[in-house]
Amino acid sequence: MGVSGSGKSTVAGILAGALKWDLEEGDDLHPASNVEKMASGVPLTDEDRWPWLEKIADWIRAHTAAGEPGIVTCSALKRSYRDVLRNGSNGNVVFVHLAGSRDRISGRLNARMDHFMPSSLLDTQLSTLEPIEPDEQAIVIDVGPPPADVAATIIAEVDSRFGDKAGAE
């Protein structure tokens, strides 16, 4: 989880390859209307997000029910969004918040090619982001190091803190 440009897709791809887990790119589950809205520089509302979050939650529930671990990328900016994603997972969701400074993430967004999310929406995402609360099964990881190092840190942290409880991220 994290704002656009935090490295979710890159790190998730490394993790999925290393762990041999299924991977779902949350952005691919957005309806076309959401993509068009963001590409136009218009922030999504909660009403825009709820159906998208339910699609992601369905993916998580299906993997949990089948006993298959997986990784799904999603901004999960608010606690209420994370609650939707957690619902029905039997406590098997661990959120990994990829966090970094506004300057670092802005630089990444500005250098990114072929993505619908413009850097102009970063401030909206940052203002919407609600920090992980102590009762949430989650870790916060700095995105400063190279993505392979970030992925290695995630694997070590999730294993040491959650062990077998981690079924989907």
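Which element of the protein has the lowest mean pLDDT, and which the highest? Helix α5 (residues 102–111) has the lowest, 79, and strand β1 (residues 22–24) the highest, 97. Here pLDDT is the predictor's confidence in each residue, from 0 to 100. Helices (H or I, at least four residues) and strands (E, at least two) are DSSP runs, numbered from the N terminus.

The model is predicted; local features need pLDDT of at least 70, side-chain atom pairs count only at pLDDT 80 or more, and totals for chains, interfaces and linings use all residues. Residues are numbered from 1 along each chain as its sequence is written, and side-chain values use heavy atoms, with hydrogens and water left out. For the protein, the mean pLDDT is 89, and 91% of its residues reach 70 or more.

Strand β3 spans residues 95–99. Four of its five residues are buried, so β3 is largely enclosed by the rest of the structure. Buried means under 20% relative accessible area, exposed over 50%, and partly exposed in between (1.4 Å probe, protein chains only). Strand β4 (residues 138–142) runs parallel to β3, and five bridges join the two; strands count as paired if DSSP finds at least two bridges between them.

A99 lies in β3 and stands opposite D142 in β4. Leaving aside neighbours within four places in sequence, A99 is in contact (heavy atoms within 4.5 Å) with V140, I141, D142 and V143. A99 is 94 residues from G5 in sequence, while their C-alpha atoms are 10.0 Å apart in space.

**Loop residues with positive phi**

K20 is found in the loop between α1 (8–19) and β1. Its phi is positive, about 60°, although K20 is not a glycine. N90 lies in the loop between α4 (79–86) and β3. Phi of N90 is also positive, near 55°, in a residue other than glycine.

**A residue of helix α2**

N34 has its place in helix α2 (residues 32–39). Not counting residues up to four places away in sequence, N34 touches L44, D48 and W52.

**Accessibility of the residues described**

| Residue | Relative accessible area | Class |
|---|---|---|
| K20 | 72% | exposed |
| N90 | 67% | exposed |
| A99 | 21% | partly exposed |
| N34 | 3% | buried |

N34 in helix α2 is buried.
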